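Hi,

Here is the structure I promised to pass on.

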Amino acid sequence: MNGAKRRERKKKIMKNTKNIMWVVALIAVVVLIGVVAYGYFRKATFKAQNPIVTMEVENFGTIKMELYPDKAPEAVSNFIALANRGFYNGTKFHRVVKDFMIQTGSKNGDGTTGATLGELKGTEEKNQYTITGEFLANGITNTLKFEEGTLAMARADYTAYSSSLATESYNSACAQFFITTKETSYLNGYYAPFGKVIEGLDVVHKIEEVEVTVPEGTEESENAEVSTPVNPPVVKSISVETYGIDYGLPKTLTPFDINTWIYSHYGIGQ
């Protein structure tokens, strides 16, 4: 009898053990499904914090801007790389047009220079470069609009020499950028906006009010743009908080040489 009871008890223990194992296995499956589902949910709903720019302008104040890598990834990665390597520190607002925009980013302070590949990458490369213009006229959809405080890439316009040079003009941006001081919808689709002022619009407008004159060496006339500050505001520093995201480097292009083009077409300029 005692042997039968022991066998019966052993069967019950084994049965209970199997039931517990099934329950544990079921719980593990439910937990695994929950973890996987939560991972998919996080991935589907995750929204990265956009990069935030802090620009200190000597004697004027601080301007903060939000960048939009989902709209203009090439311009954003280019700007971040240059800014966080100190390229913009000490540059001047060399072009100021009231009721339009303020422009900086030229290392020599007169708007004639961009950056080198070395300054972009942190290497010794001396060659200049440009990036693709991210706007509709260049075949790229960018839904950002030019409003008060829009941050955008400056570029050249070679179409004054020939209407055939539109593509070369569109892809000529490098380091210079501008901030619009009012809505300028006529720029939509022709220049690459990539950010917007979120703090410090008052500073932008103070810069807009500086005294300007006709650029040196330009003949004064009704058509001459009065845009060169008498005492150019200086960018003390620009830094970008990326919140741990690496935006890499932009795809670089070989700059178009307008002087060579003019010489080849007209035999002048060299």
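The residues lining the largest cavity split into eight nonpolar, two polar and two charged. Keep in mind that this is a predicted model.

That cavity holds about 50 Å³ of space, and a search of the whole structure turns up one cavity of 30 Å³ or more. If you want to find it on screen, go to the stretch Ile131, Thr132, Gly133, Glu134 and Phe135, which is part of the lining. Met153, Ala154 and Arg155 also line the cavity, along with Tyr170, Ala173, Tyr191 and Ala192.

Then there is the largest pocket, with a volume of about 1200 Å³. Its lining takes in 38 residues, and the closest to the centre are Gly111, Thr112, Arg155, Ala156 and Gln176. Arg155 turns up again here, as one of the residues closest to the pocket centre and as part of the cavity lining. Two elements give two or more residues to the pocket lining: strand E4 (101-104) and helix H6 (258-266). H6 provides the largest share, three residues. By class, the pocket lining has 18 nonpolar, 14 polar and six charged residues.

Now for helix H5, residues 201-208. Val203, Val204, Ile207 and Glu208 are buried there. Looking down the axis of H5, these buried residues fall within an arc of 145°, so they line one face of the helix. Strands E1, E2, E3 and E4 are among the elements covering them, as are E7 (177-180) and E8 (192-199).

Asn59 has a positive phi of about 65° and sits in the loop between strands E1 (52-57) and E2 (61-67). How accessible is Asn59? Its relative accessible area is 80%, so Asn59 is exposed. Asp99 also has a positive phi of about 65° without being a glycine, and its place is the loop between strand E3 (95-97) and E4. At 45% relative accessibility, Asp99 counts as partly exposed.

Cheers

Technical notes. Residues are numbered from 1 along each chain as its sequence is written. This is a predicted model: local features need pLDDT of at least 70, side-chain atom pairs count only at pLDDT 80 or more; totals for chains, interfaces and linings use all residues. Side-chain values use heavy atoms; hydrogens and water are left out. On a 1 Å grid over the protein atoms alone, a cavity is a set of points where a 1.4 Å probe fits but cannot get out, and a pocket is an open set with protein on both sides within 12 Å along at least five of seven lines; lining residues have an atom within 4 Å of a point. Grid points are joined across faces, edges and corners, and a volume is the space filled by probe spheres set on the points. Helices (H or I, at least four residues) and strands (E, at least two) are DSSP runs, numbered from the N terminus. Ala, Val, Leu, Ile, Met, Phe, Trp, Tyr, Cys and Pro count as nonpolar, Asp, Glu, Lys and Arg as charged, and the others, Gly among them, as polar. Buried means under 20% relative accessible area, exposed over 50%, partly exposed in between (1.4 Å probe, protein chains only). The arc is that of the directions from the helix axis to the C-beta atoms. Contact means heavy atoms within 4.5 Å.
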